[in-house]
Amino acid sequence: MSDSADDRPDLSDAQRAHLRDWAEANIPRGQCPWCKSSDWQIGDPVVLPAYLADGKPLVVLPVTCERCAYVRFHSARQMGFVGDQAARPE
Ligand SMILES: [Zn+2]
């Protein structure tokens with residue numbers, strides 16, 4: 001992870017477009033488990049302070065309930081994003 005205060009991954013426009021398209025096509029909206037709303041907003045990719053088994057940072061797309069603000073995360077890895085982010089520091 002970078003030292004900057006901005007934890008958004010350094011993705012190209014094409015990578016962001018791929019993740020956005022994949023998410024729009026594949027992430028089920030369903031009902032929010034808390035307020036039962038079905039209105040969800042897919043956000044920009046973010047890097048969580050966690051690492052995958054191969055040492056790469058965990059990049060996720062937040063999906064936020066428009067009514068109660070509950071947030072769930074979907075892994076960018078499963079969307080085909082392997083990324084060129086720095087590996088876990090030694
Ligand atoms: Zn909700």
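What percentage of the contacts in the protein chain with a separation of 6 or more is accounted for by residues 24 or more positions apart? The figure is 59%, two residues being in contact if their C-beta atoms, placed from the backbone, lie within 7 Å.

1. Basis of the note. This is a predicted model, in which local features need pLDDT of at least 70 and side-chain atom pairs count only at pLDDT 80 or more, while totals for chains, interfaces and linings use all residues. Residues are numbered from 1 along each chain as its sequence is written.

2. Confidence. The mean pLDDT (the predictor's confidence in each residue, from 0 to 100) is 83 for the protein chain, and 81% of the residues score at least 70. Over residues 1-5 the pLDDT is below 50, and this stretch has four contacts in the model beyond near neighbours in sequence. Where pLDDT is low, the predicted coordinates should not be read in detail.

3. Elements. The protein chain has one helix and four strands, in the order α-β-β-β-β from the N terminus. Helices (H or I, at least four residues) and strands (E, at least two) are DSSP runs, numbered from the N terminus.

4. Strand pairing. Two strands pair if DSSP finds at least two bridges between them. Strand E3 (residues 57-65) runs antiparallel to strand E4 (residues 71-75), with five bridges joining them. E3 also pairs in the antiparallel sense with strand E1 (residues 40-42) over three bridges, and with strand E2 (residues 46-51) over four. Valine 63 of E3 is the bridge partner of isoleucine 42 and stands opposite arginine 72 in E4.

5. Hairpins. The hairpin of E2 and E3 has five residues between the strands, and glycine 55 there takes a positive phi near 90 degrees. In the hairpin of E3 and E4, which also has five residues between the strands, alanine 69 takes a positive phi near 75 degrees.

6. A residue is buried if 20 or more other C-beta atoms lie within 10 Å of its own, exposed if 12 or fewer, and partly exposed in between; C-beta atoms are placed from the backbone. Buried residues make up 14% of the 90 residues in the protein chain. H1 is hardly covered, with one buried residue among its 14.
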